[in-house]
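Subject: Structure handover

Hello,

Here is the structure I promised to pass on. Please open it alongside this note.

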Amino acid sequence: MVWSYSRLTSFEECPYRWFLSYLYRDEYGRPLKKKSGFFAEFGSYIHLIMQMYLDGILKKNELSTFYVAHFSSNVRSKAPNQKIYHNYFEQGFRYLDNLSFPQRTVLGVEQNVNFSFAGKPWTGFIDLVSEDNGKLIITDHKSRLLKPRSHRSPTKSDLELDSYLRQLYVYSASIKDQYGRYPDALEFNCFRSQTMIQEPFRMDRMREIELWSKEEIEKITVNDDWSANPDYWRCHYLCDVCADCEYKQMS
């Protein structure tokens, strides 16, 4: 199996979702068709626009107009309610209409990378690799409202940030392969809140993430209990195999 960050975290969230996504096959040997939802489509749409901007296809003053003109054809799934729909739409518009993305040398946009990490083959997509005065930075565009580190005793927000940083540490192995060195900084572009969060790369943390990856892969490899972990919000609005999950109604 080729591993990815999402394959590890989906098992953490719900082993049965992992089973349906990566092991299950129907009577004809076909995997399940995955279903997108409002949140996934919204995030993908912002990623697309940022890719077009960073590739030079769209100019800064064209972003919000493009966003409005093509929103309904890219975000087709229904939001949980009208308030969420309008909030997300407005936040996306304000971000693109007032874009203040740092001016750097762009090295790669939406790169599909294949690399080795924790002794296994991995794949993934890196949203942005850039350089700023010799400083190598990898950036992930995030719809989640992450908060910068508090620099106090670890808060709930700090722990959430660390959890999401695991993905960028995994991708750092690919950066080392491509550029001969690890990135200097890991960055989240939280576009809904117009917040940029940048953390210095730490080698000790990289080793921790490699150990975590090995342990998670081992858990999945020897696992024989694919019990569901029903959660209303995740089951109804985030899971891409919920249409075929008999446990959805239990959430």
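Start at a hairpin: strands E4 and E5 form one, with four residues between them. Gln194 sits in that turn and has a positive phi of about 55°. Helices and strands here are DSSP runs, H or I of at least four residues for helices and E of at least two for strands, numbered from the N terminus.

Before going further, note that this is a predicted model, where local features need pLDDT of at least 70, side-chain atom pairs count only at pLDDT 80 or more, and totals for chains, interfaces and linings use all residues. Residues are numbered from 1 along each chain as its sequence is written, and side-chain values use heavy atoms, with hydrogens and water left out.

**The sheet**

E4 covers residues 185-190. E5 covers residues 195-200. The two run antiparallel and are joined by six bridges. Two strands count as paired if DSSP finds at least two bridges between them. Ala185 has Pro200 in E5 as its bridge partner.

On to E3, residues 135-142. E3 pairs with E4 in the parallel sense, over six bridges. His141 is bridged to Asn189 in E4. Thr139 has Glu187 in E4 as its bridge partner. Thr139 in E3 also stands opposite Leu128.

E3 also pairs with E2 (residues 120-132), this time antiparallel, over five bridges. E2 and E3 make a hairpin with two residues between them. Asn133 in that turn has a positive phi of about 55°. In general, strands of a sheet pair through backbone hydrogen bonds, either parallel or antiparallel.

How well covered is E3? Seven of its eight residues are buried. Buried means under 20% relative accessible area, with exposed over 50% and partly exposed in between (1.4 Å probe, protein chains only).

E3, helix H6 (residues 156-179) and E4 build a right-handed β-α-β unit. Right-handed means that, with the strands pointing away from the viewer, the path from the first strand over the helix to the second runs clockwise.

Put together, the sheet is open, has five strands in the order E1-E2-E3-E4-E5, and shows mixed pairing. E1 (105-117) and E5 stand at the edges with a single partner strand each, so one side of each has no neighbour in the sheet. The twist averages 35° from one strand to the next. Angles run from 0 to 180 degrees between N-to-C directions, with axes fitted to C-alpha atoms, for helices over the stretch in contact.

**The cavity**

How many cavities of 30 Å³ or more are there? The count is one. A cavity is a set of points on a 1 Å grid over the protein atoms alone where a 1.4 Å probe fits but cannot get out; lining residues have an atom within 4 Å of a point. The largest cavity holds about 110 Å³ of space. Volume is the space filled by probe spheres set on the points, which are joined across faces, edges and corners. Its lining has 14 residues, and closest to the centre are Cys14, Arg17, Cys235, Cys239 and Cys245. Helices H2 (15-22) and H8 (232-238) each give two or more residues to the lining.

**One residue to check**

Phe38 is in helix H3 (residues 38-54). Phe38 counts as buried, at 2% relative accessibility.

Best wishes

Methods: 1 Å grid on protein atoms, 1.4 Å probe; cavity = no way out; pocket = protein on both sides within 12 Å on 5 of 7 lines; lining within 4 Å.
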